[in-house]
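Come along and look things up with me.

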Amino acid sequence: MTPVRVGLTYAGLAFAAGAVLGPVRELLLAPRLGGLPAAMVEAAAMLGLLWIAARWVMARIAPPVTRRGRATVALVALTVVLACDVALGLALQASGQA
């Protein structure tokens, strides 16, 4: 896999984890614990999930990983996740849900 494909894979896993954990935080944890403690629990869960996902996708790069390759993966993943977050926010705002 190329670093760009690995970055896209990692971005998909990161966005999916956030899409699952965000509603869990808001619907289950925040009413019971409060907003900040719920966000802290979600952040800890995301840290663990993203650590596992990063190790999994980086192991899929066939050639030895260089600094440039890692930087490409990170840049692609960050760009895609931020773009998806903005698009989802705009879609929810346009629908009146946010």
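Below are my entries, from the whole chain down to single residues.

**Ground rules.** I am working with a predicted model, where local features need pLDDT of at least 70, side-chain atom pairs count only at pLDDT 80 or more, and totals for chains, interfaces and linings use all residues. Residues are numbered from 1 along each chain as its sequence is written, and side-chain values use heavy atoms, with hydrogens and water left out.

**Whole protein.** I found 3 helices and 0 strands, running α-α-α from the N terminus on. Helices (H or I, at least four residues) and strands (E, at least two) are DSSP runs, numbered from the N terminus. The C-alpha trace spans about 45 × 30 × 15 Å along its principal axes. I noted that 21% of the 98 residues count as buried; buried means under 20% relative accessible area, exposed over 50%, and partly exposed in between (1.4 Å probe, protein chains only). I also looked up contacts, meaning heavy atoms within 4.5 Å. Among those between residues at least 6 apart in sequence, 73% join residues at least 24 apart.

**Two helices crossing.** Two packed helices are described by the angle between their axes and the distance between the axes. For α1 (residues 3-33) and α3 (residues 67-95), the axes come within 7 Å and cross at roughly 40 degrees. That makes α1 oblique to α3: angles under 35 degrees count as roughly parallel, over 145 as roughly antiparallel, 65 to 115 as roughly perpendicular and the rest as oblique. Axes here are lines fitted to C-alpha atoms, for helices over the stretch in contact, with angles from 0 to 180 degrees between N-to-C directions. The residues in this contact include Y10 and F15 of α1, and V76 and L88 of α3.

**E42.** Is E42 buried or exposed? I found E42 in helix α2 (residues 35-58), and E42 counts as buried because its relative accessibility is 13%. Leaving aside neighbours within four places in sequence, E42 is in contact with G18, L21, G22 and R25. A polar atom of the E42 side chain lies 3.5 Å from the backbone nitrogen of G22.

**R32.** My last stop was R32, in helix α1. R32 has 66% relative accessibility, so R32 counts as exposed. Which backbone atom lies 2.8 Å from a polar atom of the R32 side chain? I found that it is the backbone oxygen of L28.

Definitions and conventions: A polar contact is a pair of N or O atoms within 3.5 Å; within protein, one must be able to donate a hydrogen and the other to accept it, and residues adjacent in sequence count only if both atoms are side-chain atoms.
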